[in-house]
Amino acid sequence: MTTRYTKDHEWVRMEGGIAIIGISAYAAEQLGDVVYAELPAVGAPFKQGDDMAVVESAKTASDVYAPISGEIVEANAEIAGENWEIINDAPQAGGWFVKLKPSNKAEFDALMDEAAYGEYVKGL
Amino acid sequence: MTEATPPKNLPPKKLVLDALWRARTNKFGDFAGYDMPLQFEGLIPEHNWTRAHAGLFDVSHMGPCFIGLPKDHGLAPEAAHAAIAAQVERIVPSDIAGLKPGQIRYTTLLNALGGVLDDLMIARPSEPEAQGDLYVVVNAGCKHADWDYMGRSFDPGIRIVRADDRCLLALQGPEAADAFSLLCPAAADMNFMTYARLEVGTFGRLTISRSGYTGEDGYEILVKADQAQGLAEALLSDVRVKPIGLGARDTLRLEAGLCLYGHELDPGTSPIEADLAWIIQKRRREAKDFPGAMHITRHLTDGPPKKRVGLKPKDRAPARDGVEIHKDGRMIGMVSSGGFSPTLNAPISMGYVEAKFAAPGTIVDLMVRGQPRAAEVTPLPFVPHQYRRSKGKGS
């Protein structure tokens, strides 16, 4: 399954036409222990680059941007239920943020793949 | 996902102990023009370690200095102290003349309107031959402006000797005294807010304050650059001591309800608004002989228009610097610092509100990302201070 990444450290994975979105392991590591997160409501529409969610560590608050355009179909109940540790423990698995129904598949294809993101992070 | 990064001008300065810290972390950031270690094993574990054991902080970005009468002043010790105190009292509202030998006071530099230009520590040496000198530590971001202000305010001939080419290490936490006493037995008997210069083993003469900015007992130790690595390594070899980054330094001082310049303190805020009336001792209140005394006296007698308060959000969302504080749909103030308290496992903030809303128990709205979130005005500190107040064991 292809996972693609943004320069702002969101990841997106397509499963059955639905995009699963979270923050990268690199981002979670940089952020430190998550102490708060805010997810969008189901049904909310986003354009690529819109503020979509917030994740906070003791150190800082970070905006999470919509990596692609579409409509939220599910928010991770673990995170909504304040189990924020899951973002640090499994940022690219159980710590996903939202599922989104994409409105423009081309946006996904234009994002960085694993190798390109790895190179990008190395240069930071 | 992005974080706001501060504007960068000149490349940041390296700490003397840069290599020592880089061997332990790669998480550095520019703070006040210095490339500082932000985090080692993690902000929350570092914070908790300092509250339970002892944390070692490199605070060499700050502005330690010695202020002194001309070398040939020829005054007896008490007269010499009175003379240097009179110079400094021109720009601070605290009773510097009344400092006992070896005593430290926290105070503020004031502008002509009684606004705060910086907060600082002023210490009187204990040695008779050093009377007429004061040890002063100002903030990193203000130090050049502060030294200029001092130079303009003091009589010609008064010496301002920068010591920020040395290392300033802070050892903080309930086990700081036991750990440091192994190297420097005399430090065990120092009380909080006292100051000594002691010969310590091979490290030469250290300038030691029993003070800090975490709410814990501990020391700030000024050491010559060529001795700093040895001292830091000796402290870190103690199992009770771990290195702590600037991130945890901020959460520790926030829990302790202590002001950070640029957040709680600025030129538009008086010490009374900042809830620092205690720094102005009786003699100075009566004499009204400090900058902005008319404004500050009015704040003391009539009450200030705004007050610094603690804020405890009712839910889990941290409210950080710049968040508006509303009451009944109207803006009544702003958060000055805020984040997450590892000790309380809850968000906490400090901020300024109109004085009539400053009573503990008042419910206000914190406008986090535009949404009102209820918070309660609470007394400060959030976590009790553990300073050593008198001789003997315990606080």
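1. A salt bridge is taken here as a side-chain nitrogen of Lys or Arg within 4 Å of a carboxyl oxygen of Asp or Glu. Five salt bridges are counted between chain A and chain B. One of them joins A:Glu38 to B:Arg369, with the closest N and O atoms 3.2 Å apart.

2. The model is predicted, so local features need pLDDT of at least 70 and side-chain atom pairs count only at pLDDT 80 or more, while totals for chains, interfaces and linings use all residues. Residues are numbered from 1 along each chain as its sequence is written, chains are lettered from A in the order in which they are written, and side-chain values use heavy atoms, with hydrogens and water left out.

3. The interface brings 26 residues of chain A into contact (heavy atoms within 4.5 Å) with 16 residues of chain B. The two chains bury about 1,800 Å² between them, 52% of it on carbon and sulfur atoms; this buried area is the accessible area (1.4 Å probe) that two parts lose on being put together, summed over both.

4. Eight residue pairs across the interface of chain A and chain B are in polar contact, both residues being at pLDDT 80 or more. A polar contact is a pair of N or O atoms within 3.5 Å; within protein, one must be able to donate a hydrogen and the other to accept it, and residues adjacent in sequence count only if both atoms are side-chain atoms. On the side of chain A that touches chain B, the elements giving two or more residues are helix H1 (25-31) and strands S4 (34-38), S6 (51-57) and S7 (61-65). The largest share, five residues, comes from S7(A). Helices (H or I, at least four residues) and strands (E, at least two) are DSSP runs, numbered from the N terminus.

5. Chain B contains nine helices and 20 strands. Its C-alpha atoms fill a box of roughly 65 × 50 × 45 Å along the principal axes. Among contacts in chain B with a separation of 6 or more, 66% join residues 24 or more positions apart.

6. Helix H7 (residues 246-255) of chain B is mostly covered, with nine of its 10 residues buried. Among these are B:Leu246, B:Arg249, B:Arg253 and B:Glu255. The cover over the buried residues of H7(B) includes helix H2 (43-52), strand S17 (330-341) and strand S18 (346-354) of chain B. Just after H7(B), B:Gly257 takes a positive phi of about 70 degrees.

Terms used:
Buried means under 20% relative accessible area, exposed over 50%, partly exposed in between (1.4 Å probe, protein chains only).
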